[in-house]
Structures are given as C-alpha cells and as structure tokens.
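Me: I'd like to walk through this protein with you, a bit at a time. Can we put it on the screen and start with how its helices touch?

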Amino acid sequence: MPIAPGTAGTVVGVLLYLLVKDLSSLLYSAVFVTVTLIGTWAAGAADNVLGAKDSPTIVIDEIAGYLLAMFLIPFAWWAVIAGFVLFRFFDILKPWPVNKLQDIPGGPGVMLDDIGAGIYTNVILQITVAIRGS
C-alpha cells in the first residue's frame, strides 16, 4: 500500500484475527507465535534486501502486534474497533520503552516495537473488559 501501509497491515491483522478468534487460547497463541517467528525472519531478510531499517513496506509486524492486542479479549465489535484504534495509536506514538525496542537490529527490532504496542493495547482492553463486565 503506497498510503498508510501500517494501517493497511493492521487491517490484514484484523482480518486474520476474525479468522482465528474462535480458536482455543493455545491454538490462537500458536498462530501468534508462528506469525511472529516467520515475521521476524522475513522482516530481517527484507531489511537486508531493501537496505533500510524497518521499511514501511514491511507490515507483518502490524499483523503480529494486532493479534497480540486481541489475545484473550472476548469477541465484540467494539473491542475489534477499539483494538485497531489503540494499536495504531501506540504503534505510531511508540511510548517508552517501546521506542527503544526498534533500536534492536534486524528482524527483532522490526517486530518488537509492534509487539510492545500490542501489549499496551491488550492491557487497556483487558481493563476495559473487566470494568464493562464483558
């Protein structure tokens, strides 16, 4: 996507989430780990091929980050949308210490800042679910 590739990647993450949301937490975790491991390898390879650190054309990190953002969140459309908005907010803002994770070289550095954004998002969603009751 030439415009807003991170947002486009997150949309793909939403679509994948919708496909796997009904899996057991163990299988959901396996999907997340698989996407993260493949993404880490692919992002590192892409960095080398493109000659750029965390090129905007790499969006597998957004997909993994969104999957983590929605882990153990009961399905509701408000949560899907809130997860999307919060994840994009944290991915763009990169608050401390997430901003330091992107300094790690290679594929891990590409992936970890989005994993951090997913963690921040998940914590807020878990608190919201607890307060709302579902």
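Predicted model: local features only at pLDDT ≥ 70, side-chain atom pairs only at ≥ 80, totals over all residues.

Me: How do H2 and H3 run relative to each other, roughly parallel or roughly antiparallel?

Reply: Look at the angle: H2 and H3 pack at about 160°, and their axes are 9 Å apart. Angles over 145 degrees count as roughly antiparallel. So H2 and H3 are roughly antiparallel.

Me: And is the crossing of H2 and H3 left-handed or right-handed?

Reply: Picture H2 passing H3. The handedness of that crossing is left-handed.

Me: What about H3 and H6, which way do those two lie to each other?

Reply: H3 covers residues 60–69 and H6 covers residues 106–132, and the two pack at about 25° with axes 7 Å apart. Anything under 35 degrees counts as roughly parallel. Therefore H3 and H6 are roughly parallel.

Me: Which residues of H3 take part in the contact with H6?

Reply: On the H6 side you'll find Val110, Met111, Asp114, Ile115, Gly118, Ile119, Thr121, Asn122 and Leu125. The contact residues divide into three charged, four polar and nine nonpolar. The crossing itself is right-handed. The H3 residues are Ile60, Asp61, Glu62, Ala64, Gly65, Leu68 and Ala69.

Me: How many charged residues are in the contact of H2 with H6?

Reply: H2 brings Phe32, Val35, Thr36, Gly39, Thr40, Ala43, Gly44 and Asp47, while H6 brings Gly106, Gly107, Pro108, Val110, Met111 and Ile115. By class there are seven nonpolar and six polar residues, and the number of charged ones is one.

Me: Let's zoom out. How many helices does the protein have?

Reply: Reading along the sequence, you get the pattern α-α-α-α-α-α. There are zero strands, and the number of helices is six.

Me: What is the radius of gyration, and why does it fit a compact globule?

Reply: The C-alpha trace spans about 45 × 30 × 25 Å along its principal axes. A compact globule of 134 residues would have a radius of gyration near 14 Å, so the protein agrees with that, at 14 Å.

Me: Is Leu72 buried or exposed?

Reply: Leu72 is in the loop between H3 and H4, and its phi is positive, about 65°, although it isn't a glycine. Its relative accessibility is 55%, and the cut-off for exposed is over 50%. That's why Leu72 counts as exposed.

Me: And Lys94, is that one buried or exposed?

Reply: Lys94 is in the loop between H4 and H5, and it has a positive phi too, near 50°. Its relative accessibility is 16%, and buried means under 20%. So Lys94 counts as buried.

Me: How far apart in space are Thr34 and Ala64?

Reply: Thr34 lies in H2, and at 42% relative accessibility it counts as partly exposed. Thr34 and Ala64 are 30 residues apart in sequence, and their C-alpha to C-alpha distance is 9.2 Å.

Me: Last one: which residues does Pro5 touch, leaving aside neighbours within four places in sequence?

Reply: Pro5 is found in H1, residues 5–20. Its C-alpha is 33 Å from that of Ile131, which is 126 residues away along the chain. With those neighbours left aside, Pro5 is in contact with Pro56 and Val59.

Note on methods
Residues numbered from 1 in each chain as written. Heavy atoms only, no water. Axes fitted to C-alpha atoms, helices over the stretch in contact; angles between N-to-C directions. Helix = DSSP H or I, 4+ residues; strand = E, 2+ residues; numbered from the N terminus. Parallel < 35°, antiparallel > 145°, perpendicular 65-115°, else oblique. Left-handed = near helix turned anticlockwise from the far one by under 90°. Contact = heavy atoms within 4.5 Å. Nonpolar A, V, L, I, M, F, W, Y, C, P; charged D, E, K, R; others polar. Rg over C-alpha atoms; globule rule 2.2 N^0.38 Å. Buried < 20%, exposed > 50% of the residue type's maximum accessible area, 1.4 Å probe, protein only.
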